[in-house]
Amino acid sequence: MGCSGSSLANGDERKKKIRKPKPWKHSEPITRTQLLQMREEFWDTAPHYGGQKEIWDALHAAAEADLTLAQAIVDSAGVIIQSEDLTICYDERGAKYELPNYVLSEPKNLIKDN
């Protein structure tokens, strides 16, 4: 009986709370329009790199949600968070999902569109 309780406790410990990514800079200043285009291209091509489409969809929704909703999305999808900022995650089958900073937050050197 003790094993059941301890494995449940271990499962809870393994769940990481999502946090905002650390501030970052793009290699060169970009506009919001460029950032949105980069994000769109990433999400359009991400499922082609492997993993399950459902997990990619959940990560996409989580990346665009506030932290509380993002946590609920990844928990309900069974996503295993390696990095608390969601840059590295796994699904229950062990497939790895890597998210670039630009889909999770804005760079410090974002410039206004003309």
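## A chat about one predicted chain

User: To begin, which share of the contacts between residues at least 6 apart in sequence joins residues at least 24 apart?
Analyst: In the protein chain, 61% of those contacts join residues at least 24 apart. Please keep in mind that this is a predicted model.

User: Noted. How many helices and strands are there?
Analyst: The protein chain has 5 helices and 5 strands. Along the sequence they follow the pattern α-β-α-α-α-β-β-β-α-β.

User: And what percentage of the residues is buried?
Analyst: Of the 114 residues in the protein chain, 32% are buried. The accessible surface of the chain is about 7700 Å², and carbon and sulfur atoms account for 51% of that surface.

User: Let us go inside, then. Which residues touch the most other members of the largest nonpolar core?
Analyst: They are F42, W43, W56, L59, V74, L86 and L99, in a core of 21 residues. The elements giving two or more residues to this core are α2, α3, α4 (67–77) and α5.

User: Which element gives the largest share?
Analyst: Helix α3 does, with 6 residues of this core. As general background, nonpolar side chains in soluble globular proteins tend to be buried together.

User: What does W56 contact, apart from its neighbours within four places in sequence?
Analyst: W56 is in contact with F42, W43, A46, P47, G50, G51, Y97, E98 and L99.

User: How many salt bridges does a search of the whole structure find?
Analyst: The search finds 4 salt bridges. In general, side chains of opposite charge can pair when their charged atoms come close.

User: What about R32: which residue does it pair with?
Analyst: R32 forms a salt bridge with E106, with the closest N and O atoms 2.2 Å apart. This pair links distant parts of the chain, since R32 is in helix α2 (residues 32–45) and E106 is in the loop between α5 (101–104) and β5 (110–111), 74 residues apart. E106 is partly exposed at 38% relative accessibility, and R32 is partly exposed at 37%.

User: And K53, what is its partner?
Analyst: The side chain of K53 meets that of D57 in a salt bridge, at 3.0 Å from N to O. About one helical turn separates K53 and D57, because they are 4 residues apart in helix α3 (residues 53–63).

User: Is K53 buried or exposed?
Analyst: K53 counts as exposed, because its relative accessibility is 51% and the cut-off for exposed is over 50%. D57, at 39%, counts as partly exposed.

User: A change of topic: what is the strand order in the open sheet of 3 strands?
Analyst: The order is β2-β3-β4, and the pairing is antiparallel. The strands at the edges are β2 (80–81) and β4 (96–98); each has a single partner strand, so one side of each is left without a neighbour in the sheet.

User: How many bridges join β2 to β3?
Analyst: There are 2 bridges between β2 and strand β3 (residues 88–90), and these strands run antiparallel.

User: Last one: which residue in β3 is the bridge partner of I80?
Analyst: The bridge partner of I80 is Y90.

Definitions and conventions: Residues are numbered from 1 along each chain as its sequence is written. This is a predicted model: local features need pLDDT of at least 70, side-chain atom pairs count only at pLDDT 80 or more; totals for chains, interfaces and linings use all residues. Side-chain values use heavy atoms; hydrogens and water are left out. Buried means under 20% relative accessible area, exposed over 50%, partly exposed in between (1.4 Å probe, protein chains only). Two strands pair if DSSP finds at least two bridges between them. Contact means heavy atoms within 4.5 Å. Accessible areas come from the Shrake-Rupley method with a 1.4 Å probe; for residues, only the protein chains shown count as cover. A nonpolar core is a set of buried Ala, Val, Leu, Ile, Met, Phe, Trp, Tyr and Cys residues joined through side-chain atoms within 4.5 Å.
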